[in-house]
Amino acid sequence: MVCQPPSDHLTVQYPGQSITIPENSVSDIIKVIEDIYYRQKQMHPSHEILCDYAVLSINDQATNSLLRSARVLRSHDNTTFTRFDSIQLAPGMFHFLLNLAWNMLEIHCGHGDDHGSIQSIIIELNKK
């Protein structure tokens, strides 16, 4: 069963189509963003939604790095969107959880002799 949003729900969604532009360089990531907003969504760079509102972009670390580099390259552009100031970067859930796990392991690993440490639990699990 799918839960329907409330009747007064105001969030507008813009689903996109698949594209064949690679995302492995700064120039390509700029092409991807321009394709999504200019060609697919038919929005102008000064469009109110693009300039006045934040656009959440959840990516892997490489894509976030490329987007930050594109922001530096476009720092002297005219509009907020062409400078990529409106794009708010966030780490993908996989990377967030991976960093959390490494942090937990770094802080709470302990030694095999320490009762309750992660290392002692791993040793007990290997025995069973």
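Rings of Phe, Tyr and Trp, the last represented by its six-membered ring, are taken to pair if their centres lie within 6.5 Å. In the predicted model considered here, Tyr37, Tyr38, Phe81 and Phe84 form one aromatic cluster, and the structure holds three aromatic pairs. One of these is formed by Tyr38 and Phe81, which adopt an edge-to-face arrangement with 6.3 Å from centre to centre and 65° between the planes. This pair links distant parts of the chain, given that Tyr38 belongs to helix α1 (residues 26-40), whereas Phe81 lies in the loop between α3 (61-73) and β2 (87-91), 43 residues apart.

Phe84 counts as buried, with a relative accessibility of 2%.

Asn59 is found in strand β1, which comprises residues 55-59, and is classed as buried because its relative accessible area of 17% falls under the 20% cut-off. The side chain of Asn59 is joined to that of Asn64 by a polar contact of 3.0 Å. When residues up to four places away in sequence are not counted, Asn59 touches Asn64, Leu67, Leu89, Ala90, Pro91 and Gly92.

Notes
Residues are numbered from 1 along each chain as its sequence is written. This is a predicted model: local features need pLDDT of at least 70, side-chain atom pairs count only at pLDDT 80 or more; totals for chains, interfaces and linings use all residues. Side-chain values use heavy atoms; hydrogens and water are left out. Helices (H or I, at least four residues) and strands (E, at least two) are DSSP runs, numbered from the N terminus. Buried means under 20% relative accessible area, exposed over 50%, partly exposed in between (1.4 Å probe, protein chains only). A polar contact is a pair of N or O atoms within 3.5 Å; within protein, one must be able to donate a hydrogen and the other to accept it, and residues adjacent in sequence count only if both atoms are side-chain atoms. Contact means heavy atoms within 4.5 Å. Rings of Phe, Tyr and Trp (its six-membered ring) pair if their centres lie within 6.5 Å; planes under 30 degrees apart count as stacked, over 60 as edge-to-face and the rest as tilted.
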